[in-house]
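Dear colleague,

Please find below the structure that I am passing on to you. My notes on the ligand and the cavities follow it.

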Amino acid sequence: MTQNAKNHVPHHVYLEESELPKDWYNIAADLPTPMPPALHPGTLQPITVDDLANIFARPIAEMELSKERFIEIPERVRELYRSFRPSPLCRAYNLEKALKTPARIYYKFEGNNPSGSHKLNSAIAQVELNRAAGVKRLTTETGGGQWGSALAIACKMAGMDCTVYMVKVSYEQKPFRRILMETYGSNVIASPSTTTESGRRALAQNPDCLGSLGCAISEAMDDALAHKDTTRYALGSVLNHVLLHQTIIGQEAKKQMEKIDEYPDIVIGCCGGGSNFSGIANPFLMDKLRDGKKLRAITVEPAACPSITRGKYAYDFADLSHYTPLLPMYTLGNGFEPPGIHAGGLRFHGVAPLLTHLCRHGIVECATAAQRDVFDAAILFAQNEIILPAAESAHAILEAIRQAKICRETGEEKVILFSLSGTGYFDMTAYQSYLAGNLQNYSITDDVLAKGFASIPTNAPAID
Ligand SMILES: Cc1ncc(COP(=O)(O)O)c(C=O)c1O
């Protein structure tokens with residue numbers, strides 16, 4: 001296609017329902033070196049399917065450890081996906097114009113479903129796999145509220161019960177997220193709570209604590225383990241199977257870019273636990289890993305929760321009570337308590353082991369973003385592209401803008417693709433604070449980091 005023609009690609013590139021990808025892509029098959037295994041915290045031996053099946057439905061436990069390159073999406077999951085997928089790939093013509101950049105900016109819009117974010121991709125898959133295995137009820141944690149909303153909706157669709165432990169600071173900042181989950185029939189509990197042993201312990205240590213994803217995960221696991229006959233736990237990010245489910249995003253985006261004869265020079269996604277970024281990036285990274293394709297992949301984390309850029313590479317737990325396997329990951333320590341930034345979905349202390357591994361090999365780069373800069377980018381995007389982005393997604397927007405500005409300086413016509421992982425319509429208190437000039441930029445001191453690092457277990461083997 002000529003350059004002129006590329007400036008006339010449609011605003012939205014759609015796929016037919018019949019073009020919905022049939023497989024998720026598992027990057028575990030194509031890693032440059034083997035990834036260290038997750039360990040059983042008691043034996044310090046590699047975790048097994050049987051270990052994982054205590055807490056997850058068995059098919060999910062099997063997916064977690066699979067090394068198969070492509071995993072077929074069950075037909076029932078594809079059927080449910082068809083109610084909101086394929087999602088559009090959009091060309092950000094107005095943003096390009098506002099930035100006066102020669103770069104071509106595309107975003108994959110994952111906010112066009114009732115949950116408002118990419119999280120529904122894994123929620124539907126997890127609920128369906130649990131339902132098929134006879135599970136009646138799921139428990140989970142939620143940070144920003146998006147994962148909880150997605151699981152609440154998916155459970156309602158499948159006739160399953162759902163209990164969500166919502167990090168207290170988000171519970172207070174985002175009452176409408178809580179109400180949304182309750183509308184779909186879920187039981188929502190502010191975490192730390194007095195409902196579980198983990199919550200009571202956290203409150204005893206600090207009655208005013210804002211909560212953390214690590215604590216909410218422990219509470220949800222406490223609850224599931226106490227009701228093992230009916231209940232399993234579902235996690236919204238970090239683990240291999242969640243990253244796998246999210247690759248539907250990149251699988252579709254590849255087909256869409258192919259249709260308009262484009263291929264990204266740079267793929268960008270924000271990083272909480274890593275599933276959104278991996279979802280859009282991994283199918284493209286397959287081309288880099290297998291065929292040597294030139295491609296930059298940039299994940300973006302908040303300066304207030306800098307797991308990759310300032311974290312340690314170590315075995316750590318995903319939760320505060322140490323119920324999860326020991327995961328080889330960048331971590332700020334399972335006891336790290338991040339500031340109450342508005343991007344609640346990016347406040348996790350660790351990063352998915354698969355994404356950690358790719359960062360360590362230089363296959364993925366990491367950028368950081370401060371909260372006010374993120375909202376500057378969110379407002380610029382909203383005023384030009386009209387969609388109101390989630391605070392989390394605006395981290396990716398900011399990095400896309402930075403890269404587009406570099407192109408303006410160099411004159412390069414790079415193709416930039418980012419994941420617009422969700423919308424911010426339930427997050428108006430964040431926009432309200434920004435518009436009133438009250439939004440803080442947080443910088444984390446080394447002392448605060450040291451406190452978090454002290455919670456990293458010392459009995460696990462060192463990893464270099
Ligand atoms: C809209 C949105 N984008 C991105 C993220 C981060 O997701 P992940 O944990 O998949 O990195 C979240 C997490 O809640 C989110 O709500």
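In this predicted model, the ligand sits in the largest cavity. A cavity is a set of points, on a 1 Å grid over the protein atoms alone, where a 1.4 Å probe fits but cannot get out; a molecule sits in it if more than half of its atoms lie within 2 Å of its grid points.

The model is predicted, and local features need pLDDT of at least 70, side-chain atom pairs count only at pLDDT 80 or more, and totals for chains, interfaces and linings use all residues. Residues are numbered from 1 along each chain as its sequence is written, and side-chain values use heavy atoms, with hydrogens and water left out.

The ligand and its shell

The ligand is surrounded by 19 residues, each with a heavy atom within 4 Å of it. The closest are Ser237, Gly272, Ser275, Asn276 and Ser421. By class, the shell has four nonpolar, 13 polar and two charged residues (Ala, Val, Leu, Ile, Met, Phe, Trp, Tyr, Cys and Pro count as nonpolar, Asp, Glu, Lys and Arg as charged, and the others, Gly among them, as polar). Two helices, α14 (275–291) and α18 (391–410), each supply at least two residues of this shell; helices are DSSP runs (H or I) of at least four residues and strands (E) of at least two, numbered from the N terminus.

- Serine 237 has a side-chain N or O atom 2.7 Å from an oxygen atom of the ligand.
- Glycine 272 places a polar backbone atom 2.8 Å from a ligand oxygen atom.
- Serine 275 has a polar side-chain atom 2.4 Å from an oxygen atom of the ligand.

Taken alone, the ligand exposes 390 Å², of which the protein buries 97% (Shrake-Rupley method, 1.4 Å probe).

The cavities

The whole structure holds six cavities of 30 Å³ or more.

Methods: A polar contact is a pair of N or O atoms within 3.5 Å; within protein, one must be able to donate a hydrogen and the other to accept it, and residues adjacent in sequence count only if both atoms are side-chain atoms. On a 1 Å grid over the protein atoms alone, a cavity is a set of points where a 1.4 Å probe fits but cannot get out, and a pocket is an open set with protein on both sides within 12 Å along at least five of seven lines; lining residues have an atom within 4 Å of a point. Grid points are joined across faces, edges and corners, and a volume is the space filled by probe spheres set on the points.
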